[in-house]
Amino acid sequence: MNSTLRVVHVITRLIVGGAQENTVSSVLGLRQKPNLDVSLISGPSGGVEGSLEGRFSGSQETLSILPDLVRPLHPWRDLMAHRRLVAHFRRKPPHIVHTHSGKAGVLGRLAARRANVPIIVHTVHGPSFGDFQSPLPNWLFRRAERWAAGCTDHFISVANAMASQYLAAGIGTPDKFTRIFSGFDLQPFLSARNDLTLRARLGLAREDFVVAKLARLCPLKGHDDLIAAAGAVVSSRPETKFLLIGDGPLRQQFTKKIAALGLSRHFIFAGLVPPTEVAPLLGIADVLVHLSRREGLARALPQSLAAGRPVLAYDCDGAPEVCLEGKTGFLVRPGDLSTLSARLTELASDLSLRTRLGDAGRELVRIGFRKNRWSMPFMNSICGLPPTRDFVRTRFGTNQRL
């Protein structure tokens, strides 16, 4: 009897981002586990935000690109993407469909239910609705999420905040949510160091106080607030430099704004870097700021903590679950630029404080964010679901763990 369990993941796009890195890591890790046939369907990626499609160059049969699965709302292409997903699931029926992100999450789950897929799981990497949207898109996404919830056997949330927001919006029930932090390879970050050669290459001096921000240069990531607060920090601590890691459509706009404020020599644009180069860049930083107003739980936060660097974050979404006030960093009310500047100045002035916060942060993430390819986040959760255990026992006649 064939004991292979077929799992299909679906995501809207594979740009360089936390949700995408998590999904790619899960898919490639699970493919190395016996008795699992794991694949991924994604919409097209590209542009200044980069693409992770190259991670599948050695396993091209794993990734399928669906051209009509695009991020913006597009009724005709959305309908075609839904139909093609249904056809894909019927052509080679999976036992489990696991969706990610807003658009793929809705279309993928509806298509899986139409194709009679036995188990349907969705990961909430970040909110698909909220005050960051205008009223109509907010209403549409809430309604779509409620609709898709009726097709969902279980939700995985990367932070408890995501489950709380979805439940408050009438999406799902408490017993259907499991929080699983987005794991990653800790070792490069645990061994990150202040490489003076890398500093020099970026125009940073040994004595510079380096504030890193790891995020795409796009709306809602908080770069505007950091730029607005920078002047006060530089006035107090002239050796402060801001290292912006990532790229995006707003780079030129930010460059002009920084120049208009006379702060160009205090900002370094590292540009788009592959995930493997993130740890060394965090190693040369003294602190990381995370000012996003829409995020599940940014991987940049635990990555910085693993590198022993404290974090300063806006108090929203999942950030408070790892940025513990006064223990691993500081939380700031979104938009409170005076407190943001004051906290950065405080951290710039106190090495012992930075060391204490960074050491505590490293211990916090050492276990909670460990990546184990034989115990990937998806399987950790799905193996605990009674419907899945019953399904496996019925189909395979075994109590094997997946």
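Colleague: Which helix holds Phe189?

Modeller: Phe189 lies in helix 6, residues 187–190. Helices here are DSSP runs of H or I with at least four residues, strands are E runs of at least two, and both are numbered from the N terminus. The model is predicted: local features need pLDDT of at least 70, side-chain atom pairs count only at pLDDT 80 or more, and totals for chains, interfaces and linings use all residues. Residues are numbered from 1 along each chain as its sequence is written, and side-chain values use heavy atoms, with hydrogens and water left out.

Colleague: Why is Phe189 called buried?

Modeller: Its relative accessible area is 5%. Buried means under 20%, exposed over 50%, partly exposed in between, with a 1.4 Å probe and protein chains only. So Phe189 counts as buried.

Colleague: What does Phe189 touch, leaving aside neighbours within four places in sequence?

Modeller: Its contacts (heavy atoms within 4.5 Å) are Phe184, Val278, Ala279, Leu282, Gln303, Ala306 and Ala307. Ala279 is 90 residues away in sequence, yet the C-alpha atoms are 5.1 Å apart.

Colleague: Which residues touch the most other members of the largest nonpolar core?

Modeller: Phe189, Leu243, Leu281, Leu282, Leu288 and Leu301, out of 36 residues. Two or more residues each come from strand 8 (209–214), strand 9 (240–245), helix 10 (278–283), helix 11 (300–306) and strand 12 (311–314). A second, separate core has 31 residues, including Phe242 and Leu244.

Colleague: What makes a set of residues a nonpolar core?

Modeller: Its members are buried Ala, Val, Leu, Ile, Met, Phe, Trp, Tyr and Cys residues, joined through side-chain atoms within 4.5 Å.

Colleague: How do you know whether Leu243 is buried or exposed?

Modeller: Its relative accessible area is 0%, so Leu243 is buried. Leu243 sits in strand 9. Its contacts beyond four places in sequence include Val210, Ala212, Ile268 and Leu281. The C-alpha atoms of Leu243 and Ala212 are 4.6 Å apart, at 31 residues along the chain.

Colleague: Why is strand 2 called largely enclosed?

Modeller: 6 of its 7 residues (36–42) are buried, so the rest of the structure largely encloses strand 2. Strand 1 (residues 5–11) pairs with strand 2 in the parallel sense over 7 bridges. Pairing takes at least two DSSP bridges. Leu36 in strand 2 is the bridge partner of Leu5.

Colleague: Why does Leu73 count as exposed?

Modeller: Its relative accessibility is 52%, so Leu73 is exposed. Leu73 lies in the loop between strand 3 (63–65) and helix 2 (75–91).
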